[in-house]
Amino acid sequence: MKNYKIAVIAGDGIGKEVTDEGIKVLQAIEKLDNRMAFSFEYFPWGCEYYKKTGKVMDVDGLDKLKEFDAIYLGAVGAPDVPDHISLRDLLIKIRQGFDQYVNLRPVKLLQGAPCPLIGKKENDINMTVVRENSEGEYAGTGDWLYKDKPQEVVLQTSVFSRMGTERIIRYAYELARKEHKSITSISKGNALNYSMVFWDKIFAEVGKEYPDVKQYSYLVDAAAMFFVKDPARFEVVVTSNLFGDILTDLGAAIAGGMGLAAGANINPEKKFPSMFEPIHGSAPDIAGRGIANPMAAICSIAQLLEFFGEKTWSDKIIAAIEKVLVDKKVLPADFAGTAATKEVGSEIRRQLRII
Ligand SMILES: NC(=O)c1ccc[n+]([C@@H]2O[C@H](COP(=O)([O-])OP(=O)(O)OC[C@H]3O[C@@H](n4cnc5c(N)ncnc54)[C@H](O)[C@@H]3O)[C@@H](O)[C@H]2O)c1
């Protein structure tokens, strides 16, 4: 029997409400499949922790997390803590510290999910965005000169290393080859004359090793337009940290909204734990009311199981969510329903048991 050790960082706001439902899905699977068991250790980090201790995460946080098979994260952020503190001192620390250089975000219109694009069906929106997650525009390098003086200057420097660029592009090519899909690189070589020209060069270079994979390259502005007008042209997408961040929110919007969108931060070599999270934030406006939609957090559990090699259970979770969406009897408030977070979670588990 395989025993998976999961570190849970529920975080702030609705983070705990939604991760509770994801954990219950794993506990339900454990009862249905005696090959697997899960143990959970909870870490109280986030903005509330910061307000009490002055730290978003313990100084030795990465040491504490490194022995786990995976990290399950809810959301961090609070209105009275600057967002760059929670983002940099927790999320980015974990992503960079554990070399989680792949951010994998499925953009898939599930059956029964609300789609704002008229006439689009499940087959029209089914892509995987592979976002560079360790450097690029979010490398955090730069300077703030002459701060608060009339001549002040800020520099925000993007970092594109050959190793970092090559490995993310290669990861996406491998995925496209494995899934018999096309690959699309999204960049901006016409305006960013160093970083993105370099990106395009590496995409073409690595592409020579994958003659069996259909290859396309788009400027980010055109890609944003086609995400809305013709999303079917995208299958596996590879892009930089900033462009991926923005495009995946657009992807979430066309594929049912933030209530369904999940993202995995992967260290493909498995030298460090990977981290799975819904892409929504802590939603302070609805936190504590028990009405948050837990589907995105449960979709992250599907990604976590797929990463563990449990593709069948991963597919079953998605099928259970689709059944709930199609039935329309137990829907959360953001899908025009009246069901509480716990009721939605319980209905997904009920469907999982009968699928
Ligand atoms: N990965 C993360 O931890 C993460 C991601 C994004 C934002 N944040 C943080 O979260 C805080 C709030 O950010 P925001 O308001 O821009 O984004 P948000 O995603 O928290 O909320 C945006 C809107 O979507 C709604 N919403 C989000 N998730 C929902 C869910 N599961 N069910 C129902 N409705 C949901 C909210 O009620 C809100 O109206 C900020 O501090 C931000 O920095 C954290």
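Colleague: In this predicted model, where is the place of Y146?

Modeller: Y146 is placed in the loop between β6 (136–145) and β7 (153–159).

Colleague: What makes A336 count as exposed?

Modeller: The cut-off is 12 or fewer other C-beta atoms, and A336 has 9 C-beta neighbours inside 10 Å, so A336 counts as exposed. A336 is found in the loop between α10 (311–327) and α11 (341–354), and A336 has a positive phi of about 60 degrees, although it is not a glycine.

Colleague: Why is A287 called partly exposed?

Modeller: A residue is buried if 20 or more other C-beta atoms lie within 10 Å, exposed if 12 or fewer do, and partly exposed in between. A287 has 18 other C-beta atoms within 10 Å, a value that falls in between, and so A287 is partly exposed. A287 sits in the loop between β12 (274–278) and α9.

Colleague: Which residues does A287 touch, if those up to four places away in sequence are not counted?

Modeller: A287 touches G13, I14 and S282, which can be read as C-beta atoms lying within 7 Å of that of A287. By contrast, I348 is 61 residues from A287 in sequence and 21 Å from A287 in space, C-alpha to C-alpha.

Colleague: What makes a set of residues a nonpolar core?

Modeller: The largest nonpolar core has 95 residues, and I71, V130, A172, I298, I317 and I321 touch the most other members. Helix α9 (residues 295–307) gives the most to this core, with nine residues. The core draws at least three residues from each of domain 1 (1–104 + 257–355) and domain 2 (115–255). In soluble globular proteins, nonpolar side chains tend to be buried together.

Colleague: How many residues does each domain give to the contact between domain 1 and domain 2?

Modeller: The domain assignment of the protein gives domain 1 (1–104 + 257–355) and domain 2 (115–255), and their C-alpha centres lie 24 Å apart. The contact takes 18 residues from domain 1 and 17 residues from domain 2. On the side of domain 1 that touches domain 2, the elements that give two or more residues are α4 (83–97), β4 (102–108) and β11 (262–266), and the largest share, four residues, comes from α4. By class, that side of domain 1 has nine nonpolar, six polar and three charged residues.

Colleague: Which residues come nearest to the ligand?

Modeller: Of the 21 residues around the ligand, G77, H280, G281, A283 and N293 come nearest. By class, the shell around the ligand has 11 nonpolar, six polar and four charged residues.

Key. Residues numbered from 1 in each chain as written. Predicted model: local features only at pLDDT ≥ 70, side-chain atom pairs only at ≥ 80, totals over all residues. Core = buried A, V, L, I, M, F, W, Y, C linked by C-beta atoms within 7 Å. Domains from an automatic or database assignment. Near = placed C-beta within 6 Å. Nonpolar A, V, L, I, M, F, W, Y, C, P; charged D, E, K, R; others polar. Contact = placed C-beta atoms within 7 Å.
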